[in-house]
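Please read them alongside the coordinates.

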Amino acid sequence: MSKVTTAIEGDGKFHPADYDPLSLADLQDPYPNYAAARADAPVFRSDVLGLWFISRYEDVVSAIRDTETFSSEFIQEGDRLADKLARRWPAELDAAQQGGMPDDRRFLLTTDAPAHHVRRKLAQQAFTPRRVAALEPMIESRAEELSDAMAGGEADLMASFCYPLTTYVIAGILGVGDELAGAMRKVAEDLLVTQAADRVDLDEAAAEEMLARLRRISDMHAALSAELARRRREPADDLLSALATTSLADGSVLDDEDILAMSAELILAGTDTTANQIAHSVLYTSADPRLWRSLADDPERTEAVVEESLRRRGSSKGLLRITTRDVEIGGAVIPRGSLVQLLYGAANHDETVFPDARSFCPGRPGAQQHVAFGKGTHFCLGAPLARLELKVAMRTLSRRFPDLWVPAQHLRYLPALTTHTLAALQVQTEPQQPPA
Ligand code: HEM
């Protein structure tokens, strides 16, 4: 898991069986492997995690559309992190999960129609454009506050701006206080890392770390459960209350387990992703000081920068599906019951759709074709909110820190299968001194 490897060997050829998406090289820069895969083996299986991968734009889009063959119900009973822990450390697992756990098989991301359709409609009814637009002043004032604390030199943009901003926003939508927002940051990481751990073997040290992560997820579940019980008694103007009271014409409603799963899903899908997207937008844009400074008062350019950063390095590398039948795609046959990662990041670098794909070109023709938010039935529920947060963050940071620059550093990414998750991003907010 931690070795530095690449699936491109000395012969310059891509060796699919050796592809390790959790290797240090791939976590840091998966795009050389993606390019090699698109050229040599566009649909392939790797032995490392036992996953199939789809890398070309056309194939990714056709798999997204074929929801009957590529099912989102990929969570496999008996094969999950908790199942593995239960076999060797049952008492420790029970203790860690004392507060209950969100049911990850009730996520929108992990269900198919008809259950997905009903839950998504109910979620959309509560998560309205009006609710999203009303958040702008709150996002702005949080961004200003966090910028105040960053003034005066060096800062870790992730810890001091990106993660707090995006967790405050999700906590604010749900309607819970700053104390829970603080804990949510870590829980977002815990949800991501424990999800990736479904695919890897555990030694004792790794098991201990995973148990600590499950304990934090369970504590958050218990706290949100108490918040929800309060909303059931006294509804407020927040998403938890809206989810608790929304219903469809046929009488469908969300029960507590649905709402708690949805809350965990918003923390999982909505904090880390947006935080890392802000960071990558800063990384790419600040490399060109004129472009960076122009964002303070050019909303159109800010929009173009945000879309191009989503295409260039969207936070989601790609989501999982499981095949419900043998399927021929991209010159390969994927057997029924296979876990498949649709590589949205590789599709967004497909030169047949995005020429000169490695370059960062805000406003490039056809930019809107990117699949950074997926497509179709499972298209990102939070895309309008993510775009709003990105816009406000870029506008605020470029206005408050017109001289911001990113010093040379080793960028470390956490071992997450489906997202690019930076451990830190050092930035300088004061002008760069010319060499003496
Ligand atoms: C830049 C930030 C974000 C990126 C790159 C991103 C990316 C994605 C992608 C690629 C999917 C599709 C999953 C699939 O095909 O199975 C997705 C789904 C989802 N996203 Fe986002 N997302 C972002 C921000 C957010 C935010 C802020 C929220 C919450 C408020 C959110 C909530 C969701 C939910 C609930 C789903 C599941 C939708 C469904 O399956 O019906 N995301 N996101």
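1. Strand β5 (residues 319-323) and strand β8 (residues 339-342) run antiparallel and are joined by four bridges, strands here being DSSP runs of E of at least two residues and helices DSSP runs of H or I of at least four, both numbered from the N terminus. Within this pair, I322 stands opposite L339 in β8.

2. Before going further, please note that this is a predicted model, in which local features need pLDDT of at least 70 and side-chain atom pairs count only at pLDDT 80 or more, whereas totals for chains, interfaces and linings use all residues. Residues are numbered from 1 along each chain as its sequence is written.

3. The open sheet is formed by five strands in the order β1-β2-β8-β5-β3, with mixed pairing, where two strands pair if DSSP finds at least two bridges between them. Because β1 (43-46) and β3 (70-71) stand at the edges with a single partner strand each, one side of each is left without a neighbour in the sheet.

4. Around the ligand there are 25 residues, of which the closest are L108, G270, G374, C380 and G382; a residue counts as near if its C-beta atom, placed from the backbone, lies within 6 Å of the molecule. At least two residues of this shell come from each of α13 (256-270), α14 (272-286) and α18 (383-400), and α13 gives the most, with four residues. By class the shell divides into twelve nonpolar, eleven polar and two charged residues, with Ala, Val, Leu, Ile, Met, Phe, Trp, Tyr, Cys and Pro counted as nonpolar, Asp, Glu, Lys and Arg as charged, and the others, Gly among them, as polar.

5. Helix α18 also packs with helix α16 (residues 299-313), at an angle of about 120 degrees and with the axes 10 Å apart, the axes being lines fitted to C-alpha atoms over the stretch in contact and the angles running from 0 to 180 degrees between N-to-C directions. That angle makes α16 oblique to α18, since angles under 35 degrees count as roughly parallel, over 145 as roughly antiparallel, 65 to 115 as roughly perpendicular and the rest as oblique. In this contact (C-beta atoms, placed from the backbone, within 7 Å), T302, E303, V305 and V306 in α16 meet R387, L390, K391, M394 and R395 in α18, and the residues divide into four nonpolar, one polar and four charged.

6. Helix α8 (residues 136-150) and helix α9 (residues 157-174) pack at about 150 degrees, with their axes 10 Å apart, and are therefore roughly antiparallel to each other. Their contact has eleven nonpolar, two polar and one charged residues.

Notes
Two residues are in contact if their C-beta atoms, placed from the backbone, lie within 7 Å.
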